[in-house]
Amino acid sequence: QMQVQLALASHDGSSIVQETTPAERQGRLNHATSTESTTDLDTGNPIWISMLYGLINATIVLPVLMSFGSIIYRDAAFSPYMPVLIKLTVFSGMVHQVCFSTFSSLPFAVGQVQDAGLIFLSSMASSMAKYCINQGANDEALLATVTIGLGIATALLGIGLVLVGKLGLAKYVQMLPTCVIGGYLAFIGWFCGMSGLELMSGAEDLSFASLVNNIEFILPGIMGGILIYVLVRRLRHMAVLPTTIAIIFLTFYAILFLTRSTVEEATDAGWIPKVPPAPIWYHTWDYLQFDKVIWMALPSQTLTLLSMIFVVALSSSLDVAAIELELKQPLNYNHELKTVGLSNIISGLTGGYTGSYIFSQSIFSLRAGIRSRFAGYVLAFCELVVILLSFPVLSYVPSFFFGSLLIMICIDLMHEWLWDVRTKISRAEYFLCLSTFIFIQIIGVEYGILAGVGLYLVCRKLGVDLGEAKQLPDATSRTEDDEENDMLTADSPLAKKNGSTES
């Protein structure tokens, strides 16, 4: 998932923000929270076109989805069970895609397990695992507690998003300061990078010594991540990402062929992770045993859950805003949040994880002229095929392959929100962005975000120039000038996500 302006830039690299008259802006804003349907987008496509773009999206989504599974279950306690846990992650992606293709007002929508809730899920999984270990629980109880606990958290997140949508609260969710969200997004990048290094090194606890001792396994992933990032940023074409990751994968097997090495030898040497055989597909949910759950491990996750609801709601609103900007047609934010909520409820009830719109892939499908929901169902079918495979996919994929994807995400997010953003916001906001990033590093995600918000409020109280808080417009109570200013303000999260300060 390439963040920020890479996904929002047109093919020639120029901004997609279009000049509009005040009357046109007024019309769009007045309908942003309306119940107007976009069913006129369902004009359909030839089946072969839908199949083609469904397969293209699958080549991009599946590797990233699997790498996200390794982040959620990064704790060493889960290592022996990764084939099943990765299948649960892929199944969750399939559920999200079916839900978005069925219920979204956008026929080209791509919805998957998303990075916004990733850190929260990983934090909860590790916290519950440590609690179970401290209680002397066996692996059966640990896995039941974590998988069911994450499923419950995902379903509760979905219920929260549905309530936000039904009560029309999307505009209040978007009042979270952009600079604080920027610090959180930078931390997502850092977290993905550390997870990638840990995955490639094979060490349970990442340290300088483990990095040095396993540098031959780590270096290819770092170089691959840099290569993907540079090529995607320079060439700005959706074919670059799947082509590059395919080349990295094929290069590894070409080297094996030329050196007359086998997959087993590569595994013994440490290039491919050693994983147990994958059980038949219908055993994927064997870990979800309610009678084995240690329920006392769940209440301590309440603050993390509440933080995740707020952050995912904001992230989903920004995804919808990005799609709306490209579509040049007003969308109903509250309806789309309810769609995201329903998808998370179903995902959670089936043992899955949090997800939302993947705006980069959705915009790619939109620009390609996809107007059929069949393309989304093709993507979901590809994910189903991976679930049904009788062998563990991880036993044929080198660790640096997933590591390179995580390093790419790390470079992208950290470069955007710790460096590029300095020219798009005030010095005070940039200071707050860096401060939030540091707070999260020191005191954790939930308290770090709260500390960032607290510092933001203190700065506002002292009269520091921090721009205007962005929220969705309420057409019944705001003037045309107020709404026009919201579209033009450089402090709006959408403007910064797009990498532009002018419309």
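Trp295 sits in the loop between α12 (263-269) and α13 (302-327). Helices here are DSSP runs of H or I with at least four residues, numbered from the N terminus. This is a predicted model, in which local features need pLDDT of at least 70 and side-chain atom pairs count only at pLDDT 80 or more, while totals for chains, interfaces and linings use all residues. Residues are numbered from 1 along each chain as its sequence is written, and side-chain values use heavy atoms, without hydrogens and water.

**Nonpolar patch**

- Trp295 is partly exposed, at 42% relative accessible area. Buried means under 20%, exposed over 50%, and partly exposed in between (1.4 Å probe, protein chains only).
- Trp295 belongs to a nonpolar surface patch with Ile152, Leu156, Ile159, Leu163, Leu167, Leu169, Tyr172, Met175 and Phe290.
- Together these patch residues have about 940 Å² of accessible area, by the Shrake-Rupley method with a 1.4 Å probe.
- Patch residues have over 30% relative accessible area and no salt bridge; nonpolar side chains (Val, Leu, Ile, Met, Phe, Trp, Tyr) are joined within 5 Å, like charges within 9 Å.
- A salt bridge puts a side-chain nitrogen of Lys or Arg within 4 Å of a carboxyl oxygen of Asp or Glu.
- Helix α6 (residues 139-166) gives the most to the patch, with four residues.

**Helix α19**

- Helix α19 (residues 445-461) has 17 residues and reaches 24 Å from first to last C-alpha, close to the 24 Å expected at 1.5 Å a residue. The expected span is 1.5 Å times one less than the number of residues.
- The buried residues of α19 are Val445, Glu446, Gly448, Ile449, Gly452, Val453, Tyr456 and Cys459.
- Their cover includes α5 (118-134), α8 (178-201), α13 and α18 (427-443).
- Gly463 follows α19, with a positive phi near 85 degrees.

**Aromatic pairs**

- Rings of Phe, Tyr and Trp (its six-membered ring) pair if their centres lie within 6.5 Å; planes under 30 degrees apart are stacked, over 60 edge-to-face, the rest tilted.
- The count by this rule is 18 aromatic pairs.
- Phe91 and Trp285 pair edge-to-face, 4.9 Å centre to centre with 85 degrees between planes.
- Phe91 lies in helix α4 (residues 82-103) and Trp285 in the loop between α12 and α13, so the pair ties together parts 194 residues apart in sequence.
- Phe91 is buried at 13% relative accessibility, whereas Trp285 is partly exposed at 25%.
- Trp190 and Phe437 have ring centres 6.5 Å apart and planes at 80 degrees, so this pair is edge-to-face.
- Trp190 is in α8 and Phe437 in α18, so the pair ties together parts 247 residues apart in sequence.

How values were computed
Helices (H or I, at least four residues) and strands (E, at least two) are DSSP runs, numbered from the N terminus. Contact means heavy atoms within 4.5 Å.
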